[in-house]
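Hello,

Here is the structure I promised to pass on to you. Please open it alongside this email, and then read on for what turned up in it.

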Amino acid sequence: MANMNMIQSLNNALDIMLDRDDDVIVYGEDVGYFGGVFRTTDGLQAKHGAHRVFDTPLSEGGILATAFGMGINGLRPVVEIQFADYIFPAYDQIVNELAKIRHRSGGEYWSPVTVRTPAGGGIRGGHHHSQSPESQFTHTPGLKVVYCSTPYNAKGLLISAVECNDPVIFFEPKRCYRGPFYGDPHNVPTWEGHPEAEVPESHYTVPLGEARLAMEGDECTVIAWGAMVHVSEQAIRDSGISCDLIDLQTLVPWDRDAVVNSIEKTGRCVIVHEAPKTSGFGAEMAASVQERCFYHLESPIQRVTGWDAPFPHTTEWDYMPGPTRIAAAIRRTQEG
Amino acid sequence: MASKKKEGFGLNIPDAPFRPGEEAVFETWSWKPGDLNRPDPTKCTSEDTVPHAQGLVRVLGDDDKASGAWDPKLSADELREGLEHMVRLRIFDDRMMKMQRTGKLSFYMRSFGEECVAIAQTMALETQDWIFPTYRQPGAQFVRGRDMVSMICHCIGNVEDNIKGRQMPVHYSYREGRFISISSPVGTQFSQAVGVAMASQYKKLDEVTITWIGDGASAEGDYHYALNFASVFKAPVILNVVNNQWAISTHANFATASDEFATRGLPYGLASIRVDGNDFLALYAVTKWARERAAAGVGATHIEVLTYRAGAHSSSDDPSRYRPSDEHTKWPGGDPIERLRDHLIEIGEWSAKRQSGLEDRIDDEVMSAYKEAVKHGDLASGPYPEADTIFTEVYEEMPWHLKEQFDEVMEG
């Protein structure tokens, strides 16, 4: 066991997979010599060679297209899109190509690409270094969509993603790279001493499709992913209400059983995400929850999300769900 | 502050050279066989190919004789094999188009006028090489030995369709022949092919990847990603722009304001060649050259295959609405099948009688393949693939949410 922040645990996962499997190849913009703008691939080129960890032209479409082709020809590419906001030049390659190749070829071809991408706000990144576009991918059959939240699950989920024979879009909450974020920009702790930052140095997996129970309670179920897991934790403490906090970890396929079991116990539900409300993944979950748990629900499902507006620069704390808004939603579920 | 209007300014909208009702008069090609040297593919630079990008590699002359440094000196058997595949593709296409017109296929796309492209180029490759086609290169499958019955079953979308009725006709996938699944979004395969080639390079295998894109799709970003990645990583890939003049109704003048496509490879540092795409020998030779270059680790070649789309874009298209209906008969490159046939006759290795014998034999072959294929289901009455094929192979294993929907369908 070692105390690792999320950068270190992701780096460790890539290092392990590069060691274990010659077919694993890691590339993207600034990923090679420099080791990534967030340092996630630091030292990997020096250790594994420039033919396995390398820089590319600034061309997200080209990165995804070549990864698709490499996957067809037997490799297991792990590519980085430097910010999730910049994934859209590659959208056609992901949605029309990567997601569909196994199906469209009758199973003759597949391409096991993992796309790592830092997502989410809280770093004063404005419109285009802050978005959380997970629902642009959860709506595409053929993709698996993962959103890690802690050093421990980041490593285990990334190893699962790389070993998976389906394409995986792997979102990393950049706000939590170096510490859990509890919603107070003036007080951001490091991962030091956090139990989820105790990370085994060897290979392990966190299975895709399984949620994590981050807090246990019986009055309300709060569902979140990415940085919002920690913000929700703070909100639950602030609310004084006993809550299950479900860290979804994988969005496609999501762990409906964990959610349903919890709501059958609590009868109340709050869904939290940074992305805008309309057509956010919270909408899908709310619809599924009412299908399954309608007669267990004691109050309306609450959604606390980013607004249906572009992500702002200096007013980001008015945009992102914070503990105050989430705690208020938790309290609303207790009314009536 | 308001801007002033300027006289003589306005949007520049290009046009096709000839429109319905006009007479198509193409300029006679000034390039002749023997005009261009054949540089050493393992040593020459991109700059050395400037004349080849601006010119046109030809081997078959107007006298039906082969000449010049690019003559690949194929045996008569190899030439007859090429001719047979091209005739097979044309007769196959004609039969399939008739089937479409009588409601036996939902859709079809012919390679009419471009039969040479995939056939000559695939014949110039090794069997381990990867083929990453568009919808206008199905002929490569004949070279790689695909059974015609299986191709027709795909086009019908019946129970024997190897891709299980999931894609429109002509979107073949043929793993055994290293022929990679065709996708409708134009251009995506071009940059993907560079990735396939990079994987061969990474694994240090003697494999080359060939891919094609149309003149129209060369305006997509994927085309430029491909040239750039191929150049930066020296990928063993052969990048062909099939300039057949037309993208549905959009003339090549809308894809580029340049006179040719081949030269676009030069600023990327790629060896770049324009070749007469209806000249079997020239196309074979240029592809062989590009393969040699790729296999030597020198890098990719960018080829403009100059040809003409003699038929409609697809069964849903009517070209008489946007171009003179006899335009293809005026094309300076002529017809690829007639040219190879006439060359074989010229060198005493073929005859009109043998040609008609070949056509009759292939006619029978196509008819009997069709009859065999419909035994596995026709478009009107099936049987079609089971509805479970909607849900399978979306993922390696079916996740719960898909399983629920699958069960809903299965329980009816």
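This is a predicted model: local features need pLDDT of at least 70, side-chain atom pairs count only at pLDDT 80 or more; totals for chains, interfaces and linings use all residues.

**Chain A**

Let me start with chain A, which holds 12 helices and 14 strands. Its C-alpha atoms fill a box of roughly 60 × 45 × 35 Å along the principal axes. The radius of gyration of chain A is 19 Å, and this agrees with the value near 20 Å that a compact globule of 336 residues would have. Of those 336 residues, 59% are buried. If you look at the contacts in chain A with a separation of 6 or more, 77% are between residues 24 or more positions apart.

Chain A is divided into two parts, domain 1 (2–199) and domain 2 (213–333). Taken over C-alpha atoms, the centres of these domains of chain A are separated by 25 Å. Their contact takes 32 residues from domain 1 of chain A and 29 residues from domain 2 of chain A. On the domain 1 side, the elements of chain A that give two or more residues are helix 6 (135–138), strand 6 (144–147), helix 7 (151–163) and strand 7 (168–173). Strand 6 of chain A gives the most to that side, with 4 residues. Sorted by class, the side of domain 1 of chain A that touches domain 2 has 15 nonpolar, 13 polar and 4 charged residues.

**Helix 12 of chain A**

Helix 12 of chain A covers residues 323–333, and its buried residues are Pro323(A), Ile326(A), Ala327(A), Ala329(A), Ile330(A) and Thr333(A). Seen down the axis of helix 12 of chain A, these buried residues fall within an arc of 160°, so they line one face of the helix.

**The nonpolar cores**

Ile330(A) comes up again here. The largest nonpolar core has 197 residues, and Ile330(A) and Ala230(B) are those with the most contacts inside it. Helix 8 of chain B (residues 280–295) provides the largest share of this core, 10 residues. There is also a second, separate core of 5 residues, among them Met4(A), Tyr152(A), Trp191(A) and Ala197(A). As for Ala230(B), if residues up to four places away in sequence are not counted, it touches Val194(B), Ala235(B), Val237(B), Leu239(B), Leu270(B) and Ala300(B).

**Chain B**

Chain B has 11 helices and 7 strands. Its C-alpha trace spans about 75 × 65 × 55 Å along the principal axes. A compact globule of 412 residues would have a radius of gyration near 22 Å, and chain B agrees with this at 22 Å. Buried residues account for 49% of the 412 residues in chain B. Among the contacts in chain B between residues at least 6 apart in sequence, 79% join residues at least 24 apart.

The domain assignment of chain B gives domain 1 (47–381) and domain 2 (387–412). The centres of these domains of chain B, taken over C-alpha atoms, are 37 Å apart.

Is Leu79(B) buried or exposed? Leu79(B) counts as buried because it has 22 C-beta neighbours inside 10 Å, where 20 or more are needed. Leaving aside neighbours within four places in sequence, Leu79(B) is in contact with Leu74(B), Leu340(B), Leu344(B) and Glu349(B). By contrast, Lys5(B) is 74 residues from Leu79(B) in sequence and 62 Å from it in space, C-alpha to C-alpha.

**Where the chains meet**

Finally, the interface: 36 residues of chain B are in contact with 36 residues of chain A. On the chain B side, helix 6 (188–202), helix 7 (221–232) and helix 11 (400–410) each supply at least two residues. Helix 6 of chain B contributes the largest share of that side, 11 residues. By class, the side of chain B that touches chain A has 17 nonpolar, 13 polar and 6 charged residues.

Best wishes

Methods: Residues are numbered from 1 along each chain as its sequence is written. Chains are lettered from A and ligands numbered from 1 in the order in which they are written. The radius of gyration is taken over C-alpha atoms; the globule rule is 2.2 Å times the number of residues to the power 0.38. A residue is buried if 20 or more other C-beta atoms lie within 10 Å of its own, exposed if 12 or fewer, and partly exposed in between; C-beta atoms are placed from the backbone. Two residues are in contact if their C-beta atoms, placed from the backbone, lie within 7 Å. The arc is that of the directions from the helix axis to the C-beta atoms. A nonpolar core is a set of buried Ala, Val, Leu, Ile, Met, Phe, Trp, Tyr and Cys residues joined through C-beta atoms within 7 Å. Ala, Val, Leu, Ile, Met, Phe, Trp, Tyr, Cys and Pro count as nonpolar, Asp, Glu, Lys and Arg as charged, and the others, Gly among them, as polar. Domain bounds come from an automatic or database domain assignment.
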